[in-house]
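Subject: Structure handover

Hello,

The structure we discussed is below, with notes on what turned up in it. Please read the notes with the coordinates open.

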Amino acid sequence: MKRQHLGLRIVMFAITLVIGGMQSQAQYKPVQFKEYDLANGMHVILHEDHSAPVVATVVQYKVGSRDEDPARTGFAHFFEHLMFESTDKIDRGTIDKLVNGAGGELNAFTSQDQTIYHFVVPSNEVRLALWIEAQRMRKLHIDKIGVETQRGVVKEERKNRYDNAPYGGMLDKLMAGTFRGTPYSWSTIGSAQHIDSAAISEFKAFYDKFYQPNNAILVVAGDFDESVVRETIDAYFGAYTKVIEPSRPVFAGLQPMNGETKETINDPRAQLPAVFIGMRGVGMKDPDSYAADLLAKIMSNGESSRLYKALVDSAQISVNADLSVIGREYGGLVLLIGIAAPGKDITPVERALLAQVAKVAEGGVTDEELTKAKNQTETEFVQSRMGAYQIALSLSNAYRYFGSTNEINEELAKYLKVTKADIQRVAKRLFQTNDRVVVTYIPVKG
Amino acid sequence: MITYTRMTHRVLFFAIASMLLCSTTAWAQSTKKKPSTKKKTAAMSKATSPEAPAAPTDKPSLDVMPKPLASTAFTFPSYEEITLSNGLHVFVIENHDQPLITVNLSIRGGEASDPVGKEGAVSMTADMLFKGTKQHTAAQIAQGLDGVGATLKATAGTESINFNGSSLKKHAPLLMQTLSELLVTPTFPQEEFDKLKEQMAAGVAYERSRPMELAQALARKVIYGVNSPYARRKTEKSVAAVQVGDLSSFHTTWMRPNAASIAIVGDITVSEAKSLLEKSLGAWKKADVPTLTFPEQEVMPSAVYFIPRKGSVQSSIIVSAAAPAMNAPDYHAVELMGGFIGSGFGSLFFNTLRETYSYTYSPFGFVSRGRRYNRIAVGAEVRSAVTDSAIVVMLREIKKLGFEGPDEQALDRRKKYEVGNYRRLFENPSVVASLLQNAWMNDIPYSEIEEEDKRIEGVSGSNVQEATDRYLNMFNIRLVVVGSPDVRSKLEQFGQVIDYSTDIQPAPADAFESVSLSVNDIVAKYEQALGGSAAIAALKTLTTTAETSMLMQGNTMSGTYTRKQMAPNKEYANFDLKVMVQTQWIDGTKAWTSMMNGPAAPADVDESKQLLLDARLFPVLSLREQKAVVKGKQGGMVVVETTAPSGRAETYYFNANTFLLDRMEKVESTPNGPMTIVERYEEYVAVDGVMFPSVLKVQNPIYAITMKNTYKGNVAMDDATFAPSTK
């Protein structure tokens with residue numbers, strides 16, 4: 001996942017632009033929100049917007065795969081599945097029915113840092129969404145039948161995403177290589193053996209440790225009445241008590257990479273050779289992350305980007321060439337991707353990717369490139385906040401990672417402040433190293 | 001109603017199948033669906049009924065499921081329509097929340113207009129528009145758009161080319177000017193075209209690596225027919241055949257403003273939009289556009305269509321069938337049915353395949369949205385080991401839905417969910433605009449879009465049941481599977497398995513090795529393998545009793561089979577599966593059949609002809625007397641093809657070592673097209689010195705029967721056995 005812009009729905013300030021006014025600098029009204037803590041420590045953020053009759057809720061639990069015991073990987077993601085099982089007042093297999101039956105949608109996802117649950121419902125069903133979240137926050141039933149079923153489902157998910165897909169598991173290999181020694185080194189989906197051998201009591205202990213009000217952020221965004229929602233939140237979540245902060249593995253032990261590690265995989269599912277190169281990046285809270293994002297845009301956003309022009313258009317050795325910077329709370333990954341053109345060798349692709357990143361570190365970027373990347377960022381900032389769910393998710397992340405929900409309004413300015421010198425400094429920091437993991441996939445004919 | 005008028009099969013399997021179909025349908029039609037007696041979910045029963053909306057002052061409690069609050073009215077966003085002087089139809093939706101403009105342009109004429117053998121030409125036209133105009137090079141076009149953070153893309157659909165663009169309002173003039181250049185003055189430079197061809201070929205290769213995409217492509221071919229533009233697909237070869245002239249010719253012929261609509265959505269007024277469009281797209285000239293001729297839908301025969309994919313750990317399974325056009329009165333019921341069966345949380349497949357059996361992560365179900373004809377596709381990706389079990393569950397769930405109709409509560413939830421999905425679209429006005437454009441293009445009244453929620457709400461349980469019965473009955477469905485070569489044998493019980501390549505072409509069969517044997521030589525060896533002519537001649541009567549199990553629509557039924565035969569061609573047979581009983585008598589010249597112990601009816605002329613042939617004790621020996629062709633040796637079998645005196649095409653597979661018959665395939669004509677039935681003969685045993693298979697399997701797409709046979713030779717029989725009692 002690329003770093004997400006936190007920018008919100010932006011409402012234009014006083015001026016009306018005349019069409020053709022290419023030079024005008026748009027100004028954006030800050031996103032309005034209110035936030036408070038319940039006595040039990042749960043953080044609540046409310047964003048009221050009546051433009052569509054829809055409410056989104058996001059509950060972020062501060063638990064991801066990095067919080068797992070190395071002998072029990074996959075727990076955080078497995079829990080995401082268990083949270084759709086039963087509670088004191090909700091029977092097994094009915095959460096989806098209640099939400100769909102109310103005209104809403106629901107889902108959840110897990111990363112190394114977080115587990116997110118979300119609903120989008122018609123505005124008159126806001127209480128249902130909050131009630132389900134409150135029920136499963138502390139009243140979840142963790143029993144044999146639910147655990148057994150989800151064990152099977154998660155195994156199929158693993159096959160679907162990794163074992164049966166071309167280049168499957170590539171990202172996990174790169175994370176493992178760049179983050180060896182730390183909890184980022186194992187994949188979120190984890191080990192099937194760990195999940196299979198875990199006892200019910202272990203799942204219960206995990207629940208009691210992390211699924212607590214003071215380890216959660218609740219965001220409600222959209223068309224609601226503040227007093228009704230506040231009263232509802234108090235009634236549903238207020239009775240839960242604060243517990244001690246969960247102890248987390250210390251994020252330490254990062255091993256030196258000692259240069260380049262290479263692996264070649266014969267993949268019967270792939271049709272074209274591909275190379276994936278991982279290097280250490282910057283964490284999402286690192287001040288260099290803004291420059292790193294712009295650098296990634298300059299390298300590979302659009303057909304005027306450096307990698308596209310060099311590898312795809314000019315040399316024609318590659319059909320896809322990409323650079324992403326993936327930020328996590330305690331570190332990041334630079335991901336270089338090259339997929340060879342039909343009949344072309346993968347080695348020149350790998351060489352060209354590395355040559356391009358060396359070149360930008362050495363020579364920096366042009367004014368034109370920087371302006372372009374900032375313009376792209378500005379547009380994305382406006383575009384990417386369609387809908388209550390996106391807004392709610394961004395608010396929860398701003399609070400979670402920056403300790404300031406208002407980061408959402410301050411973020412664009414940080415991008416616009418980045419200079420050419422910043423970009424080159426970050427390029428040197430990221431690319432002037434021999435530490436990297438190179439995974440090459442070679443198709444084998446079945 | 002589908003009924004088979006001919007009962008030409010040895011055990012009258014067809015008649016039984018059709019009888020079951022008759023009876024289920026008759027039942028379904030004559031029995032009003034009973035209210036569901038399933039216990040209410042605990043959430044429902046433990047909590048207050050969510051009928052009356054809660055007043056905002058109601059006190060919420062963690063122990064009680066909340067009632068909904070009073071609902072907010074949903075209204076369709078307002079839009080304006082204008083037509084420019086060049087005939088371009090315009091929709092404008094104002095939304096001043098953000099300083100942003102989005103543009104959708106939809107032009108009639110898409111991949112359906114690809115010249116045959118040059119599939120990919122239209123899609124390449126869409127891409128090549130960006131690769132040079134009279135004013136700018138490809139690099140300048142990309143730099144211009146990227147430089148201001150604007151996006152503009154063109155994709156080819158089946159019957160249209162669609163442009164989607166977006167920019168901050170301040171950059172809208174640049175976006176529109178670029179769009180205008182692409183439409184009016186593209187140059188299609190050869191050098192860029194050569195590069196694009198390479199990239200397109202890579203895209204073809206990438207698609208081939210994705211199993212579900214392969215399965216869907218094959219399902220389109222099976223359901224739409226090989227000649228349908230909906231089923232055609234680009235390959236490396238077709239892409240290589242495209243010339244740059246094909247692109248400019250498509251552009252000149254089809255891409256005209258009078259066959260297009262554009263929607264402008266965002267921070268712009270109607271008059272601003274009009275003047276912007278007149279200024280930028282006024283130079284786009286109108287011209288007559290051809291009408292596309294479209295072949296009729298032609299579903300391929302009932303079978304299992306299989307793509308072996310080495311390295312697969314999952315099987316991608318699709319149950320697919322033809323569906324009506326979008327303007328058909330029952331389209332909404334069919335669409336709701338597709339989602340109800342397979343899509344998302346709470347669907348039949350989710351509840352069973354995922355939540356009961358853990359066979360899959362994400363089942364799916366959808367109905368395509370074409371203006372002419374459509375396709376239902378429901379299925380899942382499951383681990384290889386449970387490929388057959390998962391298909392059994394799928395067929396059972398589909399059959400149950402057609403037989404009993406949906407659970408009313410579940411259907412109600414589904415409808416509310418679909419209505420919710422529709423209304424959530426209103427969060428994004430450019431999606432609303434594209435719905436309007438689609439309706440305009442396909443001559444669908446806007447009211448269909450504006451009142452989609454009412455249409456969904458209007459679908460009843462019996463509508464869904466009828467849709468299932470009509471479109472997903474066992475004669476209409478086709479199975480498509482992409483998976484490891486090892487799963488092939490698991491598929492045989494669902495009918496003849498037909499292999500396709502990852503290019504979605506019929507897999508070339510292994511070449512036949514020539515054999516220096518005539519038909520008579522082969523039959524002689526077969527006769528020898530059975531026990532020799534003397535032993536055969538000595539066998540005057542044969543009594544067969546069998547334990548029988550029949551798998552049909554995901555259900556297994558067991559029963560018995562009794563057959564008495566007297567040389568040369570007298571037969572009595574009784575097939576009893578309890579829920580259905582079928583009997584036939586052949587006295588050597590005439591034939592009768594009876595269903596469910598009812599009165600015996602004389603078979604008609606054609607039927608009698610086949611029944612008399614099938615009554616013979618050793619029908620294979622008769623190959624000597626009819627026109628038959630030795631195809632050669634393939635996969636350890638010597639293969640002989642013939643047309644039976646009844647006109648039925650038959651293929652015999654003799655084991656090349658033992659010369660016993662391994663299997664026989666016969667093509668029956670049915671009202672739904674030809675259907676191949678495979679009979680497999682296994683575990684031969686000697687009966688009075690003559691070899692007979694102790695296991696017989698009969699497999700076709702409707703059902704699979706396994707019989708464990710016990711034989712007795714030369715039991716005395718009375719001629720009266722072979723005619724129905726006249727009492």
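Helices (H or I, at least four residues) and strands (E, at least two) are taken here as DSSP runs, numbered from the N terminus. Counted that way, chain B has 22 helices and 25 strands. Please keep in mind that this is a predicted model.

Chain B overall

The C-alpha atoms of chain B fill a box of roughly 100 × 70 × 45 Å along the principal axes. Chain B has 727 residues, and 46% of them are buried. Of the contacts in chain B between residues at least 6 apart in sequence, 70% join residues at least 24 apart.

The contact between the chains

Chain A puts 80 residues into the contact and chain B puts in 81. On the side of chain A that touches chain B, the elements giving two or more residues include β1 (11-12), β7 (115-122), α3 (126-138) and α12 (367-383) of chain A. The most comes from α4(A), which gives 8 residues. By class, this side of chain A has 32 nonpolar, 28 polar and 20 charged residues.

In soluble globular proteins, nonpolar side chains tend to be buried together. The largest nonpolar core here has 125 residues, and those touching the most other members are Ala274(A), Phe276(A), Leu294(A), Leu295(A), Leu179(B), Ile262(B) and Ile264(B). Helix α9 (residues 289-300) of chain A supplies the largest share of this core, 8 residues. Once neighbours within four places in sequence are left aside, Leu295(A) is in contact with Ile423(A), Val426(A) and Ala427(A). Another core, of 109 residues, lies apart from the largest one; Tyr224(B), Leu395(B), Leu491(B) and Ala603(B) are among its members.

Helix α7(B)

Tyr224(B) also belongs to the buried residues of α7(B). Of the 14 residues of α7(B), 12 are buried, so that the helix is mostly covered. Among the buried ones are Pro211(B), Leu214(B), Arg220(B) and Lys221(B). The cover over the buried residues of α7(B) includes α6 (190-208), β7 (304-308), β8 (314-323), β10 (374-383) and β11 (478-483) of chain B.

A helix pair in chain B

Two packed helices are described by the angle between their axes and the distance between the axes. For helix α11 (residues 331-342) and helix α14 (residues 408-424) of chain B, the axes come within 10 Å and cross at roughly 110 degrees. Angles of 65 to 115 degrees count as roughly perpendicular, and α11(B) and α14(B) are therefore roughly perpendicular to each other. Leu336(B), Gly339(B) and Phe340(B) make the contact from α11(B), and Leu411(B), Arg414(B), Lys415(B) and Glu418(B) make it from α14(B). These residues divide into 3 nonpolar, 1 polar and 3 charged.

Backbone points to check

Most residues other than glycine have a negative phi, and most peptide bonds are trans.

- Ile504(B) is not a glycine, yet has a positive phi of about 60 degrees. Ile504(B) sits in the loop between β12 (497-499) and α20 (519-530) of chain B. With 22 other C-beta atoms within 10 Å, Ile504(B) is buried, because the cut-off for buried is 20 or more.
- Lys578(B), also not a glycine, has a positive phi of about 70 degrees. Lys578(B) is in the loop between β15 and β16 (581-586) of chain B. With 9 other C-beta atoms within 10 Å, Lys578(B) is exposed.
- Ala567(B) and Pro568(B) are joined by a cis peptide bond, with omega about 0 degrees. Pro568(B) is in the loop between β14 (555-566) and β15 (570-576) of chain B.

Which residue lies 150 residues along the chain from Ala538(B), with the two C-alpha atoms 8.7 Å apart? That residue is Asp688(B). Ala538(B) itself is in helix α21 (residues 533-538) of chain B. Ala538(B) has 14 C-beta neighbours inside 10 Å and therefore counts as partly exposed.

Regards

Key. Residues numbered from 1 in each chain as written. Chains lettered and ligands numbered in written order. Contact = placed C-beta atoms within 7 Å. Nonpolar A, V, L, I, M, F, W, Y, C, P; charged D, E, K, R; others polar. Core = buried A, V, L, I, M, F, W, Y, C linked by C-beta atoms within 7 Å. Axes fitted to C-alpha atoms, helices over the stretch in contact; angles between N-to-C directions. Parallel < 35°, antiparallel > 145°, perpendicular 65-115°, else oblique.
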